[in-house]
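Work through the exercises below with the model open. Each task is followed by a worked solution.

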Amino acid sequence: MKRDNIDFFIVEPHQIAIHDRLCNWARYVGVKFIPGQHPMWRQSMSNSRQWHMPEPRQEVDSLDGMKLERAVAALPMSYREALRWHYIWRTSPSKIRRLLGVTNDGLAKLVRDGRQMLINRMS
């Protein structure tokens with residue numbers, strides 16, 4: 001049995017701008033865990049982190065993220081779920097392929113066409 005190896009991370013040159021906006025959207029929408037101080041000392045956080053240099057994080061443009069969330073939500077279900085998988089969930093493609101009933105090539109096409117639909121709708 002031959003497996004088709006698809007590179008899902010290839011972005012066509014004319015879709016780079018929307019890809020960058022979708023990466024910002026993923027940072028805006030992504031679920032973030034903010035740990036709190038636990039009352040028990042055994043689960044408290046170490047103060048050793050104060051001696052490390054802070055790591056710069058990319059800023060999130062929340063207004064653009066909100067616009068893209070509305071635009072992605074308005075897409076047809078298969079394109080919407082393919083884009084959410086590609087930018088937010090970042091899991092193995094097998095589960096989303098089963099959900100959408102497509103092959104690896106079909107999933108890559110859904111992601112590519114979803115980006116193009118956003119370009120067409122937002123221009």
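**Exercise 1. Burial and fold**

What percentage of the 123 residues of the protein count as buried?

Solution. First, the ground rules. This is a predicted model in which local features need pLDDT of at least 70 and side-chain atom pairs count only at pLDDT 80 or more, while totals for chains, interfaces and linings use all residues. Residues are numbered from 1 along each chain as its sequence is written, and side-chain values use heavy atoms, with hydrogens and water left out.

Next, the cut-offs: buried means under 20% relative accessible area, exposed over 50%, partly exposed in between (1.4 Å probe, protein chains only). By that rule, 26% of the 123 residues are buried.

Now the fold. The protein has five helices and zero strands. Helices (H or I, at least four residues) and strands (E, at least two) are DSSP runs, numbered from the N terminus.

**Exercise 2. The core**

Find which residues touch the most other members of the largest nonpolar core.

Solution. A nonpolar core is a set of buried Ala, Val, Leu, Ile, Met, Phe, Trp, Tyr and Cys residues joined through side-chain atoms within 4.5 Å. The largest one has 20 residues, and Leu22, Leu83, Leu107 and Leu118 touch the most other members. Helices H1 (16-29), H2, H3 (77-89), H4 (93-100) and H5 each supply at least two residues of this core. H5 gives the largest share, five residues.

Take Leu107 next. Contact means heavy atoms within 4.5 Å. Leaving aside neighbours within four places in sequence, the partners of Leu107 include Phe8, Trp85, Ile96 and Val102.

**Exercise 3. Salt bridges**

How many salt bridges does a search of the whole structure find? Then examine three of them.

Solution. The criterion is a side-chain nitrogen of Lys or Arg within 4 Å of a carboxyl oxygen of Asp or Glu. The search finds five.

- Asp64 and Arg21 meet at 2.5 Å, N to O. This pair links helix H2 to helix H1, 43 residues apart. Asp64 counts as buried because its relative accessibility is 13%. Arg21, at 27%, is partly exposed.
- Glu69 pairs with Arg84, the closest N and O atoms being 3.1 Å apart. Here H2 is linked to H3, across 15 residues. Glu69 is partly exposed at 23%; Arg84 is buried at 14%.
- Asp113 and Lys109 meet at 2.8 Å, N to O. Both lie in H5, four residues apart, about one turn of the helix.

**Exercise 4. A polar contact**

Which side chain does Asn104 join in a polar contact?

Solution. Such a contact is a pair of N or O atoms within 3.5 Å; within protein, one must be able to donate a hydrogen and the other to accept it, and residues adjacent in sequence count only if both atoms are side-chain atoms. The partner is Arg97, at 3.2 Å. Asn104 is found in H5 (residues 104-122). It is buried, since its relative accessibility is 14%.
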